[in-house]
Amino acid sequence: IGTKGPEPRAMAGTPQADSGGGLDPRRTGVRALGSYWGGGGENIDAISGNLNFTIALFSPQTRNGNKTTFALSYNSQIWRQDGGGITLLGQDTGYGLGWKLQAGSITPVWAAGGTIDHYLFTDSSGAEYSLSVNKSPSHVRLMGKGRKERISPIWPETADLVTALIRRQPRKPDEPIFVNRYKSPLTASGFRFRLAWLDSL
């Protein structure tokens with residue numbers, strides 16, 4: 001069995017993580033549109049046979065009600081087999097081989113020239129999704145706390161709707177997409193007001 005060493009660095013050129021399109025037969029984690037069976041809290045993927053077991057540990061909540069769940073999750077398919085042989089992808093991060101504790105993560109996958117080929121989004125169950133840097137509109141770049149840039153995945157349907165909105169209402173790259181009647185960025189309370197209004201129609 002080949003390994004990537006004690007300090008693995010994800011490199012492009014191997015099959016990208018699968019979001020249901022068959023790119024990676026491992027299919028770790030639990031996906032919203034997947035088919036699973038199990039009776040004791042475990043989820044066994046009916047397509048790949050991956051065993052996932054997730055234990056939610058705690059869900060910190062912010063003052064405005066947002067929650068993030070931290071979970072300890074196990075996936076049995078911590079390897080990949082392809083034409084180049086068998087590669088062990090799992091790591092023991094202190095909880096045992098195959099186990100991870102996280103709320104989700106985004107990892108860069110590097111090309112040979114030292115540039116980022118794509119990003120790998122992993123949710124709290126261990127499900128992996130490829131986020132293309134240049135080809136796919138399936139993620140957005142956000143400026144978070146401390147002026148740090150973050151990348152957040154969005155559904156393809158959401159990307160299509162945002163693209164259609166920009167085509168209908170063109171704007172400069174530095175202008176906000178969602179604005180109020182004064183053309184200022186839409187706040188969280190403004191968004192809730194509009195959502196309530198739409199729900200009342």
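This is a predicted model: local features need pLDDT of at least 70, side-chain atom pairs count only at pLDDT 80 or more; totals for chains, interfaces and linings use all residues.
## Nonpolar surface patch

Strand β4, residues 51-58, supplies the largest share of the patch, with three residues.

Y95 sits in the loop between β7 (85-88) and β8 (99-102). Its relative accessibility is 44%, so Y95 counts as partly exposed. F58 is also given as partly exposed, at 44% relative accessibility.

## Aromatic pairs

One is F58 with F70, a stacked pair with 5.0 Å centre to centre and 15° between the planes. This pair links distant parts of the chain, since F58 belongs to strand β4 and F70 to strand β5 (residues 70-75), 12 residues apart. F70 is partly exposed, with 28% relative accessibility.

Y74 and W99 have ring centres 5.3 Å apart and planes at 40°, so this pair is tilted. Here too distant parts of the chain are linked: Y74 is in strand β5 and W99 in strand β8, 25 residues apart. Y74 is partly exposed at 22% relative accessible area, and W99 is partly exposed at 22% relative accessibility.

N50 lies in the loop between β3 (42-45) and β4. Buried means under 20% relative accessible area; at 1% relative accessibility, N50 therefore counts as buried.

A polar atom of the N50 side chain lies 3.1 Å from the backbone nitrogen of Q77. Leaving aside residues up to four places away in sequence, N50 touches R26, R27, T28, G29, N43, I44, D45, N75, S76 and Q77.

Key
Residues are numbered from 1 along each chain as its sequence is written. Side-chain values use heavy atoms; hydrogens and water are left out. Helices (H or I, at least four residues) and strands (E, at least two) are DSSP runs, numbered from the N terminus. Buried means under 20% relative accessible area, exposed over 50%, partly exposed in between (1.4 Å probe, protein chains only). A polar contact is a pair of N or O atoms within 3.5 Å; within protein, one must be able to donate a hydrogen and the other to accept it, and residues adjacent in sequence count only if both atoms are side-chain atoms. Contact means heavy atoms within 4.5 Å. Rings of Phe, Tyr and Trp (its six-membered ring) pair if their centres lie within 6.5 Å; planes under 30 degrees apart count as stacked, over 60 as edge-to-face and the rest as tilted.
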